[in-house]
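Thank you all for coming.

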Amino acid sequence: MTSRIPRDSRLRLVRPRPLAAAPTAVNQRRPRRPAPRPPEGTPAPAVLARMARSGLADAARVAHWADGALGPGRDGAGSDGNGTLSDESAARAAADLGLTVAQVRADWDTARLAGLVEVHGDSARPGWRLRAWDRDDSAVLRGWVALFDAWSLAFPEPGDREPASVAEVVSAMPQVLSFLQLSAGPVPVEQLLDLLEQRVTELRTERCEIPYGPQPEPVEEPEAADTQDASLAPLLDWALRALASVGALTYGDGQATLTPLGSWAVWVKLEQICVAAQSPAGNIEVAAEEMLRGCAQLRPNAARAEYRAWLAARPVGSAVTELLDAARGDDALLRGLAFEALRVVGAPAEPDVRSVADEPTLRPYALLWLAEHDGIDPEDAHEVLTRQEATWLWVDTAAAVADHGEAPMLVRHLESALQPTVPQLLDEVRAVGHPRTVQVLVALAAAHPDPALAKAVRRAAFQVHTGG
């Protein structure tokens with residue numbers, strides 16, 4: 001015979017998980033697929049990270065200087081309102097670091113492109129990658145890849161070229177880089193120019209609209225090819241110089257060669273495309289909610305690759321709006337995954353995430369996102385939540401586990417609760433007013449092996465249901 005008095009079952013106190021536990025729990029059910037291996041001869045990640053640190057050393061130096069000299073509470077001119085250093089700050093940095101003002105500004109721009117410095121509104125502050133610069137190789141490599149992605153901004157484009165032509169070359173360069181990566185050695189510029197011309201022609205053909213009605217016979221222009229050669233050669237030269245400036249390749253003596261970092265980055269991009277293309281749900285082309293459902297069964301790294309591919313296929317503004325709309329739905333798992341995708345978006349999503357921080361359903365997720373975006377360690381980000389917000393998030397995560405996980409996962413979810421006892425947890429869960437409270441408590445009672453604890457949880461579910 002069991003007592004009618006609920007046991008004061010102590011919960012094992014652990015650090016609350018800052019992210020929804022449901023996606024992790026669901027991912028753990030699937031067997032881990034072997035990670036794709038980079039091409040033979042690719043240096044180890046630690047070696048690549050050393051190369052990236054070396055290439056970004058000047059940018060990191062200026063970013064560290066700004067963190068110390070221009071941080072909150074210190075006298076300094078800071079940013080001029082658009083993310084560039086003010087004249088006063090640039091002069092101070094040049095004097096302190098023994099550089100010219102032009103060098104300081106160039107290193108500052110590189111730091112911004114690599115995410116070592118993040119611009120928020122009219123101010124700039126150190127990015128999370130700078131905080132992790134000396135201890136996290138993956139953060140360093142992600143920073144270098146961000147710079148690699150922004151190669152077209154790292155070197156001034158020719159001022160005498162049409163913006164449309166520049167855009168065509170930027171769009172065509174991934175194929176040129178893929179060819180360089182497959183060649184695994186020096187490639188003559190003439191060969192790259194021929195490939196660039198073919199790709200630009202394909203892009204123009206894809207955009208071409210067939211006019212309606214009879215058209216005059218085309219006039220033969222034998223010099224058209226020469227004209228294209230003349231227009232694309234300087235742009236290819238600019239693109240190769242820009243890629244060389246970020247350390248992706250070496251360029252000289254009429255040929256170009258990918259550096260180990262450049263070759264690795266191109267391989268990473270190709271792998272991301274392949275993962276997205278092989279998705280059975282066709283995640284790139286579907287709406288945000290369907291994309292998130294397709295990613296729910298993927299491992300975290302594969303899911304992030306899907307998010308990147310999906311985001312690359314649409315304007316950032318509309319993509320963020322779609323993700324937030326999906327997060328407002330009834331499925332708590334999609335809510336957590338939507339904010340994981342927003343972490344991939346990064347700084348461009350900040351205004352929209354900040355604007356939803358007052359919505360009760362999204363508030364805990366938004367506050368955690370903003371805290372991590374502001375440089376707080378993800379392990380400590382939960383400290384920005386009030387006790388009530390943390391409890392609401394616990395219930396929302398439990399709802400995701402109940403809907404998509406297995407009974408043992410829901411039982412283990414108890415370990416992440418802030419409350420030290422089950423009765424205290426039940427009291428605060430009942431008070432927080434989550435719409436899924438009853439369903440979560442019923443599922444937890446059915447899953448828990450302790451009869452007395454299960455009975456107490458069922459009683460709490462009944463009381464919430466009846467308003468008692």
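Predicted model: local features only at pLDDT ≥ 70, side-chain atom pairs only at ≥ 80, totals over all residues.

Residues are numbered from 1 along each chain as its sequence is written, and side-chain values use heavy atoms, with hydrogens and water left out.

The protein has 22 helices and five strands, where helices (H or I, at least four residues) and strands (E, at least two) are DSSP runs, numbered from the N terminus. Of its 468 residues, 45% count as buried, meaning under 20% relative accessible area with a 1.4 Å probe, protein chains only.

Now to H18, residues 387-404, whose axis comes within 9 Å of that of H21, residues 437-447, the two crossing at roughly 60°. Axes are lines fitted to C-alpha atoms, for helices over the stretch in contact, and angles run from 0 to 180 degrees between N-to-C directions. H18 is therefore oblique to H21, since angles under 35 degrees count as roughly parallel, over 145 as roughly antiparallel, 65 to 115 as roughly perpendicular and the rest as oblique. Contact here means heavy atoms within 4.5 Å, and among the residues making it are Trp394 and Val395 of H18 and Val440 and Leu444 of H21.

H18 also meets H20, residues 422-432, their axes coming within 9 Å and crossing at roughly 90°, which makes H18 roughly perpendicular to H20.

Conventions. Buried < 20%, exposed > 50% of the residue type's maximum accessible area, 1.4 Å probe, protein only.
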